[in-house]
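Take a first walk through this structure. Keep the sequence and the 3D view side by side.

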Amino acid sequence: MKSIILLFSIAISSLAGAQTLLPPPAMANVAQKRLIDEFIEVSHYREALINYAKEYIELKMFDYNVDPPKELLTKDQARSIIKNFDFDGFKVSMYSSFSLIPEENLKELIKFHKTIGGSLSRGNSALLMTPTIDLNIKNQIDYAIENIKK
């Protein structure tokens, strides 16, 4: 009986030890951060991201499931959310997402944006987006909306 329990515990401990931990989240090194900061500047990424946030807020301003649509946010509240948008705090998300882009590709993106004058579209409405950046900006805006309603 003891040998069965010993064999069973050895099997369980070896299976538990074989499980791998999730890798740590991606984070940009110093050179990548410098390139990402340069990309943000030359591509006017801040303006494009804020324009994206404005569009998202406009979608959240009304409840269209009722007739007539019910206003959930005033224009002043929406402006206040955009005015208080913490872009510098959001950079951590961008560093994490863009750290997966090889440095050579970041350099090519910078070069591309410099050749087109930094404006990819009229009013900077187009931007490089990852699911993580999209989720984080929506979460930040949703959190701001909840706090402004209090």
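Predicted model: local features only at pLDDT ≥ 70, side-chain atom pairs only at ≥ 80, totals over all residues.

Residues are numbered from 1 along each chain as its sequence is written, and side-chain values use heavy atoms, with hydrogens and water left out.

Start inside. The largest nonpolar core has 32 residues. Such a core is a set of buried Ala, Val, Leu, Ile, Met, Phe, Trp, Tyr and Cys residues joined through side-chain atoms within 4.5 Å. Buried means under 20% relative accessible area, exposed over 50%, and partly exposed in between (1.4 Å probe, protein chains only). Y45, L49, I57, F85, M94, F98 and I141 touch the most other members. Two or more residues each come from α2, α3, α4, α5, α6 (103-115) and α7. The largest share, seven residues, belongs to α3. Helices here are DSSP runs of H or I with at least four residues, strands are runs of E with at least two, and both are numbered from the N terminus.

Look at F98. Beyond its neighbours within four places in sequence, F98 is in contact (heavy atoms within 4.5 Å) with I36, F39, Y45, L106, L128, T130 and I133.

Now follow F98 into a helix pair. The axes of α5 (residues 87-98) and α7 (residues 131-149) come within 9 Å and cross at roughly 165°. That makes α5 roughly antiparallel to α7, a label for angles over 145 degrees. F90, S93, M94, S97 and F98 in α5 meet T132, I133, N136, I137 and Q140 in α7. These residues divide into five nonpolar, five polar and no charged.

A second pair is α3 with α4 (residues 75-83). Their axes lie 10 Å apart, at an angle of about 150°. The two helices are therefore roughly antiparallel. Here I50, A53, K54 and I57 in α3 meet A78, I81 and I82 in α4. By class, this contact has six nonpolar, no polar and one charged residues.

End with the loops. Where is H44? H44 sits in the loop between α2 (30-42) and α3 (45-60). Its phi is positive, about 55°, although H44 is not a glycine. At 34% relative accessibility, H44 is partly exposed. P68 is in the loop between β1 (62-63) and β2 (70-71). A cis peptide bond joins D67 and P68, with omega about 0°.

Notes
Axes fitted to C-alpha atoms, helices over the stretch in contact; angles between N-to-C directions. Parallel < 35°, antiparallel > 145°, perpendicular 65-115°, else oblique. Nonpolar A, V, L, I, M, F, W, Y, C, P; charged D, E, K, R; others polar.
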